[in-house]
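Subject: Handover of a structure

Dear colleague,

Please find below the structure that I am handing over to you.

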Amino acid sequence: MIVNSINIYPSEAAIQKTNIHFTLPPSIPLLPCLLFGSPHICSPPNVGWGAGYADIIKENKLFEAYYQELGLVPEGEFDQFMAAMREPLPATIRITGYKSHAKEILHCLKNKYFKEIQEVEIDGQKIEAPQPLSWYPDDLAWHTNMSRKILRKSPLLEKFHQFLVSETESGNISRQEAVSMIPPLLMKIEPHHKILDMCAAPGSKTAQLIEMLHSDMDVPFPEGFVIANDVDNKRCYLLVHQAKRLNSPCIMVVNHDASCIPRLQIDTEDGQKGTLFYDRILCDVPCSGDGTMRKNIDVWKKWTTSNSLHLHGLQIRIAVRGVEQLAVGGRMVYSTCSLNPIEDEAVIATLLEKSEGALELADASVDLPGLKWMPGVTKWKLMTKEGQWYKDWSEVPVNRHTQIRPTMFPPTDTEKLANMKLERCMRILPHHQNTGGFFVAVLVKKAPMPWNRRFPKRSSYGGKEGGWEECVYSDSVLCSRPPPNKKMKRHGFKEDPFVFLTEDDPVFPPIESFYDLSPDFPKINVLTRTHEGKKRHLYMVSKELRNVMLNNSERMKVINTGVKVWSRNSDGEEFGCAFRLAQEGIYTLFPYIRSRMITVSVEDIKILLTQENPYLSKLEEDAHQQAKKMGMGSIVLKYRPDNSNPDGPQCPIELCGWRGKTSIRAFVPRNERFHYLRMLGVEVFRDKQGQGPREEEKEVKEEVKEGETENGNKDVSPKQELRGENRGDEHLKGDEREGGGENLTST
């Protein structure tokens, strides 16, 4: 008799509370990336090329004995494999691919920074420039072995470092481990796909998914969306930070245990209630993380085979929950940063066996040309932490049955095993392409899961039809359904409500009139975060996400969704509209705006982004005349590529601004200012705190001051900037403002 594994395997939330150190997504201690110096999360504190961890010896005899015996590494390569595991992991960056600016950033990297780096010598040795990942499309991912020490030793490298920091913070570059980029690429995402990321934090893969949804930047609202989930409430806010950098109206962050994430309801086209099935699911499960030893140094001393035994059941439950919610014809990518077959092929084999033909492994061998990987294995053994080996369930003593389960072993039926085609799984070994270790498998759903066919939807949750998915296998590793009438527990910070506006809300007429919004503007997609009082900010989500939110407010805990499109500006009321445009949402909103636009040139943008409040007369004649005809208030500054000027940016740019009485300014966050100025060929970087400008920078600053004196208009000081002076947003506090008080240095 098989013991019900619900009583054996800990839940994702329970593992999170233990003192056992796994590289578990909900429990990794997180710090800002030290190479990039930004809030973009990259690794636990034991990253950074071994800094501070010299006392940890990179030896684990049990690990070596285990993997040598399993034979996962090709014959004659085990020494190379172990040598690579002891080497520091290269830093890897990815240029975000959905923005139309990606090519401009890549051009800037290749033709400026990488060329300059090739000429740099440190201690008599030439620096090796970053290299593209051969298998990542369009040269949008690069890796480098440069350490933080080297970056500090050269002014040119320091500029490169600041470039990376700035572009990362503004969402144009992402710091992400190379193997972590693989699963989203194998999902074959299209803009209409409904996507679930089951264990999403800290969010680097989620960002890739969002980028792929927005592959066509001319479509402000793709039909698809991404629901990004994580069990840990605090890590959900890291996820929000990652997602918000991409300014998408098609992302929602939720907080649930992935092994029993609720099944959601939606309104169907025929007006009925239906169940939401996802076209694509990313199932990057919690794992023991032995593929991450190159960056998580403490795994060396803490690794045992018990880690995999403890996690195997949870991994199956999460994966089963995923395939239950996958649409027929959809793809689910299962991945781990572990090399252990107990967490990899054993989970996939269990899914395939229980599915009774409803699932099949897809052949992804040609999807990433240039990627080196090993086929999945069909034979493996199990070892306890004491070194005891078991080849089959029949060998396991009864007193071990609560720790070791039948699903951990390969199927004994040779014909069934052959039909599973486990060799289609992909295992990435560190020494093949200087990466971390990784496992990935692509599953395609051919039919409903057999237990869903045999036991149709029966039960409700909280009095609403079709709430939580029932779990019906007598010997399964599925999640258990919550008690029928028990209210969903909510942990962590209580979020403000998400309140959708009605089409006749009094906030709309002045906005529609002031910005001359097109008739097809989807007012019902606008939401705010308060039931009462004045609406401070207005956000937008896609029609499909609105559908999900309105039908599932009692089923799911939403942490964040929507992109900010307008912010209240008390001074704006006297000009006809109390809401100014927000830079975060300008690409979403721009297609619907038919007035308040000024077409600007490259030189105009340089003036607007390097001076706080330039007079209208500083603009070139065309933009100056447009601005003179326009009343005071919020505006859009629009740039379109000039085919006659190949040196200028070859992508459209839209910036939010403010037309004052005699001046004009751009409402653009600091890092985005840096980004756009670099696109225009202006090199911009910050002085180190407490240090004055370098000699060559002083000359530039003097020139700027002379120009200001001639025109009689000074830049706003940092203190004025922080107080919001001359900006029309005096009532806003701290981080609600969009600029920064930092002076820019341009060369």
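Predicted model: local features only at pLDDT ≥ 70, side-chain atom pairs only at ≥ 80, totals over all residues.

I begin with helix H21, which spans residues 670-679. Of its 10 residues, 9 are buried, so the helix is largely enclosed by the rest of the structure. Among the buried residues are Phe 674, Tyr 676, Leu 677 and Met 679, and also Glu 672, Arg 673 and Arg 678. Just after H21, Gly 681 adopts a positive phi of about 90°.

The annotated position is Cys 337, where an unreviewed UniProt entry places the feature "active site". Cys 337 is found in the loop between strand E15 (326-336) and helix H12 (345-355).

The structure contains 27 salt bridges. One of them joins the side chains of Glu 353 and Lys 416, at 3.7 Å from N to O. This pair links distant parts of the chain, with Glu 353 in helix H12 and Lys 416 in helix H13, 63 residues apart. Glu 353 is partly exposed, at 39% relative accessibility, and Lys 416 is partly exposed at 37%.

A salt bridge also connects Arg 400 and Glu 386, at 3.1 Å. Both residues lie in loops, and the pair ties together parts that are 14 residues apart in sequence. Glu 386 is exposed, with a relative accessible area of 53%.

Within it, Glu 59 and Lys 61 meet at 3.9 Å; Glu 59 is partly exposed, whereas Lys 61 is exposed.

With kind regards

Methods:
Residues numbered from 1 in each chain as written. Heavy atoms only, no water. Buried < 20%, exposed > 50% of the residue type's maximum accessible area, 1.4 Å probe, protein only. Helix = DSSP H or I, 4+ residues; strand = E, 2+ residues; numbered from the N terminus. UniProt positions renumbered as here; feature names shortened; annotations may be inferred. Salt bridge = Lys/Arg side-chain N within 4 Å of Asp/Glu carboxyl O.
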